[in-house]
Amino acid sequence: MTIGFIGAGVMARALGKGLVQGGVVAATNLICSAPTPQDGQPFLDLLPGARWTAGNDDVVRQSDLTILAVKPQVLPEAMAALGEISAGKLFLSIAAGVTIEKIRGWLHPTARVVRAMPNTPMQVGEGASVYAGGPNVTEADCALVHRILSAAGRAWRVDENQIDTI
């Protein structure tokens with residue numbers, strides 16, 4: 001399984017580290033995108049064997065799951081070229097305050113979107129995350145997301161309308 005990250009910042013690195021240390025995937029099965037190689041380098045330094053690309057579309061094409069790990073205000077630009085290539089693909093968004101409906105508006109109608117809200121203790125494997133699945137998301141998708149979020153802490157499935165409150 002290949003897991004991609006659109007964004008290579010603190011939370012992407014925390015999740016990537018948890019995935020590798022938890023034995024979910026090898027670092028060689030991780031790919032991240034960031035605007036410049038320098039922006040992606042901390043991700044690569046933390047996770048030797050992971051790959052970097054400048055193209056968000058490359059991440060989606062190469063990944064079984066794409067984690068949207070950019071700041072909410074950057075998300076519209078990051079999603080701009082993903083429409084058709086997102087068909088049937090699974091996405092996990094950790095962008096605060098951006099609804100599943102909003103994310104689905106940038107993607108192909110068959111894309112599967114899970115929204116999560118992790119917290120910063122994930123950086124040391126003690127995170128707490130909640131997540132909710134949107135239309136098209138299967139129980140297997142939710143089980144995978146649960147496993148991924150649990151690799152860096154604990155995770156609970158909730159209704160989307162509870163995420164912001166939690």
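In the predicted model, eight strands form an open sheet in the order β3-β2-β1-β4-β5-β6-β7-β8, and the pairing is mixed. Four bridges connect strand β1 (residues 3-6) with strand β2 (residues 30-33), and the two run in the parallel sense. Within this pairing, Ile-6 has Ser-33 of β2 as its bridge partner.

Helix α2 (residues 37-46) packs on the sheet, where β1, β2 and β3 are touched. The direction of α2 makes about 160 degrees with that of β3. A further helix, α6 (residues 139-150), lies across β1, β4 (65-68), β5 (90-93), β6 (112-117), β7 (127-133) and β8. The angle between α6 and β8 is about 155 degrees.

The largest pocket has a volume of about 630 Å³. Its lining comprises 26 residues, and those nearest the pocket centre are Gly-7, Ala-8, Ala-69, Val-70 and Lys-71. Helices α1 (10-21) and α4 (75-79) each contribute at least two residues to this lining. By residue class, the lining of the largest pocket consists of 17 nonpolar, six polar and three charged residues.

Methods. Residues numbered from 1 in each chain as written. Predicted model: local features only at pLDDT ≥ 70, side-chain atom pairs only at ≥ 80, totals over all residues. Heavy atoms only, no water. Pairing = 2+ DSSP bridges. Contact = heavy atoms within 4.5 Å. Axes fitted to C-alpha atoms, helices over the stretch in contact; angles between N-to-C directions. 1 Å grid on protein atoms, 1.4 Å probe; cavity = no way out; pocket = protein on both sides within 12 Å on 5 of 7 lines; lining within 4 Å. Points joined across faces, edges and corners; volume = space filled by probe spheres on them. Nonpolar A, V, L, I, M, F, W, Y, C, P; charged D, E, K, R; others polar.
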